[in-house]
Amino acid sequence: MVHGHVADSLQTTPPDVFVSSDGGYNWIKALDGPHHYQIADHGGLLAAVPANTKTPNVIKFSTDEGRCWHHYQFTNESIIFTGLLTEPGNKAMSISVWGFGAADREWRIHVFDFLQVINTQCGSDDYEDWLVHSELHKEGTPKFKGCLLGRKEEIKRLKKDSWCYNGHSYEVTTKATVCECQKSDYDCDYGFVKKGEICIKEDKFTGVDHLDLCIHGTEEKEESQGYRKIPGDKCVGGFKPEPVKEVDQHVRCKEGDKSELKTEEEESAEAVTGNGSGGGVVAAIVVSVVIIVVVMIVYFVRKFQLLRRHNVSYRYSMLSQSTDFDYDNEVENAIGPQKGMYHDSSEDEELVDAKKPKRKVRSYHDDSDEDMLE
């Protein structure tokens, strides 16, 4: 259901209501003037309210796809109309009119249960087979009649003269078949234009008219015949223009690689000179890692040697057994700064050390028998 005019150009007059029962290929004028309308009972019931007045009091309904309309006056009150509603999904047999009183401004809702008028449920004899898109290819070969995108569908729909209802749980029965391919299942390929029913190459086209493909390691050149199948088309067999293929066994390639193709001679020359820039990068990384490891080893070895050199050790055998030996002073002298240290450049220090009296120190040795004799 739509609003529209029958004219050669756009009109400014109020439109009329038109109804189509074949998917929009053909239309009939159903109601004069604009209307608010709803579709119910899976399409078996049409309802409308005039839209050229703010206070409608008549509802119209049809059970034969808009060919015959029944009128019913549902109120004598002046109600300002706000909407015509039915259950979402258009499956129910009830329709409601919404509005409010012109005097008291209170809501008014009128619900129409058409099961009280149409009280017989439809049977198998009340339906007919209908080929969807039957207007397509009806003048040509019968096997292509109703084919759209490679498929044709037949459904069971209610006959126009049946006075019955489908019901809320009704399910549409559909039978689909696959069509044989024909030229209408194809569009013109890139660089081609349609002339009549065939696709020809565009005279002014200067682009590439073929595809370079890599299949099983060899280059294949495909030249289009001017047709490409429409995306989503399900047809099989029949008209099927195949592209012309040329295979060059001398050109090697890698599937999925978008780089330029190389011949066998180029690959051999590259193998002789090396593995390319990739091998140089890997070698540079390896050398850098080796240098870093060597530097770290030298650093830690040097650090270990310095630590050992500055480590102070004490021997038990150096401790004197003499009663008059001052252990505290000796320990402080051992670990404290020594003013009388020997240096190669100082001869005075040697003389000072030589003038000091040498004191005999009795010491204890674990491995000496002399300690026991004394």
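With a torsion of 100° about the S-S bond, the disulfide between Cys-122 and Cys-164 is right-handed, a disulfide being a pair of cysteine sulfur atoms within 2.5 Å. Before I go on, please note that this is a predicted model, in which local features need pLDDT of at least 70 and side-chain atom pairs count only at pLDDT 80 or more, while totals for chains, interfaces and linings use all residues. Residues are numbered from 1 along each chain as its sequence is written, and side-chain values use heavy atoms, with hydrogens and water left out.

The structure holds 4 disulfides, and in the one I began with, the sulfur atoms of Cys-122 and Cys-164 are 2.0 Å apart. Cys-122 and Cys-164 are both buried, where buried means under 20% relative accessible area, exposed over 50%, and partly exposed in between, using a 1.4 Å probe and protein chains only.

Cys-147 is joined to Cys-179, S to S 2.1 Å, and because the torsion about that S-S bond is about -95°, this disulfide is left-handed. Cys-147 counts as buried at 6% relative accessibility, and Cys-179 likewise counts as buried at 4%.

Cys-181 is joined to Cys-235, S to S 2.0 Å, and with 95° about the S-S bond this link is right-handed; Cys-181 and Cys-235 are both buried. Cys-68, by contrast, counts as partly exposed, at 36% relative accessibility.

Turning to the sheet, 3 strands form an open, antiparallel arrangement in the order β1-β2-β3, where strands are DSSP runs (E, at least two residues) numbered from the N terminus, and two strands pair if DSSP finds at least two bridges between them. β1 and β2 pair over 3 bridges, and the bridge partner of His-3 in β2 is Val-17.

How values were computed:
Helices (H or I, at least four residues) and strands (E, at least two) are DSSP runs, numbered from the N terminus.
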